[in-house]
2 protein chains.
Amino acid sequence: MTETHDRQAGGPVPTLATVAGEAGVSRQTVSNALNNPELLKADTLERVQAVIDKLGYTPNRAARQLRTRSSHLIGLRFEQAEEGTSNALMDRFLHSLVETTARTGHHVLLFSGDPSDPLEGYDELLRSTAVDAFVVTDTYAGTPQAGFLQRRGAPFVTFGRPWDDPAADHAWVDVDGAAGGRLATEHLIEQGHERIAWLGWEKSSRIGEDRRSGWTGALHDANRDTFGLGVRITDNVDAARMAAHSLLDDTGPHRITGFACASDTIGIGVLHACAERGLRPGADVGVVGFDDSLGAQVIWPGLTSVRQPLEQVAVELVAILHQVLSHKPIEDHGKMLTPSLVVRRSSMRQ
Amino acid sequence: MTETHDRQAGGPVPTLATVAGEAGVSRQTVSNALNNPELLKADTLERVQAVIDKLGYTPNRAARQLRTRSSHLIGLRFEQAEEGTSNALMDRFLHSLVETTARTGHHVLLFSGDPSDPLEGYDELLRSTAVDAFVVTDTYAGTPQAGFLQRRGAPFVTFGRPWDDPAADHAWVDVDGAAGGRLATEHLIEQGHERIAWLGWEKSSRIGEDRRSGWTGALHDANRDTFGLGVRITDNVDAARMAAHSLLDDTGPHRITGFACASDTIGIGVLHACAERGLRPGADVGVVGFDDSLGAQVIWPGLTSVRQPLEQVAVELVAILHQVLSHKPIEDHGKMLTPSLVVRRSSMRQ
DNA sequence: GGTTAACATTTGAACGTTCCAGAAGGGGAG
DNA sequence: CTCCCCTTCTGGAACGTTCAAATGTTAACC
């Protein structure tokens, strides 16, 4: 607690005029003391600062926002995720974002919208000049937010690359899913697994295909075949469990012993199948999930998982956002970050 | 998409004056059309509305906020939870809150603060009149936020009752942990378990003691002893696993077969211990967790858990907040909600 | 027909800040 | 001494809205 004023004090909130009167200067001088201190003579600045501290003055945000047309708020549409994996991810990301924006005096404003209308909310906040910019998170292929905001001339950055249009010229930050899939697969190869399957999402999921391509690439680089080893399912534990059983039933020249998965939910399904067959995760079968969710941490015996650097994503997002807001020409439109592997017992041979 | 204006349109944002000019009325009349439509003659209202729709006018939030001294923002300090159970809870709660506040045109503003100073952030937002009110979530015993905000005369509601001071006269909403503990225990009794243990937190946790008291009460009502059956540990899987082993080793007149737990993390630890002993959850041992987290849903074979009605908590919080903001006398200072039991296979006898 | 009252709308001021143009006070060059 | 520039500070205006009071309009009553 560094403030020198009395935090307990209630009473009327001091304004610029209050401070100016107390310090014997004009309003504008007080304003300058805060926004352009280099314009003031040293001793004036000091005197004004003292009064500001004494009264505990903080500029009224509404007035400042009205005058400067800048709210220092970042809008984020906070949509209900299906009961699934993404919840935990969002929580971690959101915290990083709040933390990062705070460093530059910005705050995060959450708004909701009917999932059936992906633009709902954006428009109203824009017209009422409630936020300076948006962070857009749900940018799977075909979502119209980016196009809409761009046409409206609204500042925004997406978490997620523009899948449809590689030439899209809005700013984005994303995590390299292919690199993640490769990390998982190469780790399983290192652990000595001969046949490594991929359990992923439907073909329509661009994120899923991206992650899968890392698996394909790693196997090809090791001169291995992927034929019959890539399975597409929906993202739930039971579908994954059954798919894993089916793959484990398959007795070719080599049995399948490695599973790289597009999500932790799927990885957990594989672990369930192992339990039902009496296979020991780690020793008999190697399993790697994706996203390092809470479930991966608490499930027995611990699920190795690809972790997205969400803290870093937030930092990059905010950095780019500042460039966009200051109308600087943006150097890179996109920033790709690399995930890391959190190794737990589900993939450790001994 | 019900708006009749062109969502694509960029250009200057229309103001009250724009609309007034177009409709041939004064600014104030347009303002009234929005805020007090009953003051206008029917056909005037209709005409103004038509222009508002046509131009896609939305009142400037900053100007409105400056004049009315109301930002329509609810502040929520969003603190990093330790890697643990509460994350998932927070996510579900936060979504409900965003959804509920949206219904009355409010938004949620997130701010962060150094965990070492529980008051950081509140003061600044208050002085800059950035938010109308706060929702305070981390109200374990001894947290100073409530007292601070009350002295400052700031509107707020806490999620969590004032443990220290039952006579505290601020508004709060909470979930009845004792009822939850009782639900879990009575369910285990119904399932035919003779000796039911409690695995909970350290005595310093008021929430933990509250939940535990439900277990105690249910056992006493059934004329059973609790002696030696209540264990206090820290909230992590491994501690719970070891404690469960220790309890399962105990061979009194009856073996312990029921476990009521203060959290899902602990419940999951018990399931791990069962797995290591070859005990079948459900058939041999009944386990009930608390909070219905993602982990409870995905772990094999499914963990029965006490679920907090977070959606309803949000609704009640917002309702009380509106009472506080309109300076109505508050009927009840506190609102206690009852949790429910989500039964999964970890507690089903067959 | 004139006085009142109720209704419908307008006008000027204010919220607290920053922008802009300009004033006051030095100091040096011509 | 005058002119000009530089530094430092000031006063009025403006951002877009709502409040409070004033104005104009219609209807109602005796």
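**View 1. What kinds of residues make up the surface near DNA strand D****.** The residues here divide into seven nonpolar, ten polar and five charged. Please keep in mind that this is a predicted model. In total, 22 residues surround DNA strand D. The closest come from both protein chains: Ser26(A) and Thr44(A), together with Leu16(B), Ser31(B) and Ala63(B). Two or more residues each are given to this surface by helix H2 (27-35) and helix H4 (61-68) of chain A, and by helix H2 (27-35) and helix H4 (61-68) of chain B. H4(B) provides the largest share, with five residues.

**View 2. The surface near DNA strand C, with 24 surrounding residues****.** Turn now to the other DNA strand of this legend set. Thr15(A), Leu16(A), Ser31(A), Ala63(A) and Thr44(B) are the closest residues to DNA strand C. H2 and H4 of chain A and H2 and H4 of chain B each contribute at least two residues. Which helix gives the largest share of the surface near DNA strand C? That is H4(A), with five residues. By type, the surface near DNA strand C holds eight nonpolar, ten polar and six charged residues.

**View 3. The domains of chain A****.** Chain A has three parts to look for: domain 1 (16-59), domain 2 (73-175 + 310-337) and domain 3 (177-308 + 341-347). Taken over C-alpha atoms, the centres of domain 1 and domain 2 of chain A are 36 Å apart.

**View 4. Strand S3 (residues 133-136) of chain A, covered on both faces****.** In a regular strand, side chains alternate between the two faces of the sheet. Here Ala133(A) and Val135(A) lie on one side, while Phe134(A) and Val136(A) lie on the other. Are these four residues buried or exposed? Ala133(A), Phe134(A), Val135(A) and Val136(A) are all buried.

**View 5. The strands that pair with S3(A)****.** Strand S1 (residues 73-77) of chain A runs parallel to S3(A), and three bridges link the two. To find your way along this pairing, look for Gly75(A), whose bridge partner in S3(A) is Phe134(A). S3(A) is also joined by three bridges to strand S4 (residues 156-159) of chain A, again in the parallel sense. In that pairing, Val136(A) stands opposite Thr158(A) of S4(A).

**View 6. A right-handed β-α-β unit in chain A****.** S3(A), helix H7 (residues 145-152) of chain A and S4(A) make up this unit. Its two strands, S3(A) and S4(A), are the parallel pair joined by three bridges.

Key: Residues are numbered from 1 along each chain as its sequence is written. Chains are lettered from A and ligands numbered from 1 in the order in which they are written. This is a predicted model: local features need pLDDT of at least 70, side-chain atom pairs count only at pLDDT 80 or more; totals for chains, interfaces and linings use all residues. Domain bounds come from an automatic or database domain assignment. A residue is near a molecule or strand if its C-beta atom, placed from the backbone, lies within 6 Å of it. Ala, Val, Leu, Ile, Met, Phe, Trp, Tyr, Cys and Pro count as nonpolar, Asp, Glu, Lys and Arg as charged, and the others, Gly among them, as polar. A residue is buried if 20 or more other C-beta atoms lie within 10 Å of its own, exposed if 12 or fewer, and partly exposed in between; C-beta atoms are placed from the backbone. Two strands pair if DSSP finds at least two bridges between them. A crossover is right-handed if, with the strands pointing away from the viewer, the path from the first strand over the helix to the second runs clockwise.
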